[in-house]
Amino acid sequence: MKSSPLNQAQEPVAVIGLACRLPGGINTPEAFWSLLSSGRMAISEVSQTSRQWAWPDAAEIPPYAALLEQVDQFDAPFFHISPKEATALDPQQRLLLETSWEALEQAGINPASLRGSDTGVFVGIFSNDYQLLQIKQNDAPHLYGSTGTSAATASGRLSYFLGLQGPAISIDTASSSSLVAFHLACQSLWNGECQMALASGVNLILAPDLTVAFAQAGMLSPDGRSTGFDAAANGYVRGEGCGVVVLKRLSAARRDGDNILAIVRGTAINQDGASQGLTVPNGPSQEAVIRKALAAADVQPGEVSYVEAHGSGTQVGDPIEGRALQAVYGEGREAP
């Protein structure tokens, strides 16, 4: 697999900052690594959290989720937001503001120094629970309610607050939203549209509606355990959180003396196209996008020793995606 002249000229992207807010009281990358390395779970029964949802009568809903604490708290004055506007502001946007600020601090960058720069903002976001809650409560329409729940405003608000003049894009591709945001951020850096980029994903479960719909479709695990790519797979567990990375081209990061946390050599996206159903993966399409990413990175499948995958814990989707991974990364390898 040989790279094209464009790929040969495409220098890697450096991750120079990182911040997260995740269930289980995880508010730093270090705490997240501790949770992963210890094998602990951040899933709990919803009744044991501050979310007191009323389920429909006779609805069989798994009572499990991975939820953040204190999503109702926000330092509005710090972000120059009035109390009235803060009340109408989707907590996802609040969380995005706070976590993005923390990512820049973790990168050793004074956020105020970015004003007027062409820094890009790329946000993966798809949930609109807060807007649904406002509709159910019959809140009178007003400007803050419109801008506070608009997905487009999620990226624009961050650029506005920091004074950034690079691309500002909100992306909704369902469960892949944050990865597509990351891909577009890298492409923007490679195309010279921005010199630095914030790529992020945010999701909060503020209303029970989607949980009810997914449970009725048989997508959720009844025992609160997501066993992806396993014979015992019986669904997944819904979760929430926010993650932000700060990106630069590798040469710029080295020039500026940034702390380089990781290097990205290539990314790729595609769509499954026609398959056995709207929510059913397409194996050949999955293989194609993996090979495209490897080609962009000029990496052979046999050089890859670790793959992080999105396993939905379903008996239909997981085998298809698992076989696609095996077809690509199994080339030239001996069976274990």
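I looked up the contact of two helices first: Gly-283, Gln-286, Glu-287, Ile-290, Arg-291 and Leu-294 of H11 meet Ile-320, Glu-321, Ala-324, Leu-325, Ala-327, Val-328 and Tyr-329 of H12. Contact means heavy atoms within 4.5 Å. Helices are DSSP runs (H or I, at least four residues), numbered from the N terminus.

The model is predicted; local features need pLDDT of at least 70, side-chain atom pairs count only at pLDDT 80 or more, and totals for chains, interfaces and linings use all residues. Residues are numbered from 1 along each chain as its sequence is written, and side-chain values use heavy atoms, with hydrogens and water left out.

By class, I noted eight nonpolar, two polar and three charged residues in the contact of H11 with H12. Ala, Val, Leu, Ile, Met, Phe, Trp, Tyr, Cys and Pro count as nonpolar, Asp, Glu, Lys and Arg as charged, and the others, Gly among them, as polar.

I then looked up the axes, which are lines fitted to C-alpha atoms over the stretch in contact, with angles from 0 to 180 degrees between N-to-C directions. Those of H11 (residues 283-297) and H12 (residues 317-329) come within 8 Å and cross at roughly 40 degrees. That makes H11 oblique to H12 (angles under 35 degrees count as roughly parallel, over 145 as roughly antiparallel, 65 to 115 as roughly perpendicular and the rest as oblique).

Next I took H4 (residues 91-106) and H7 (residues 151-162), whose axes come within 10 Å and cross at roughly 45 degrees. H4 is therefore oblique to H7. Among the residues making this contact I list Trp-101 of H4 and Phe-161 of H7. By class, the contact of H4 with H7 has eight nonpolar, three polar and one charged residues.

Last, I looked up the largest cavity's lining by class and found ten nonpolar, two polar and one charged residues.
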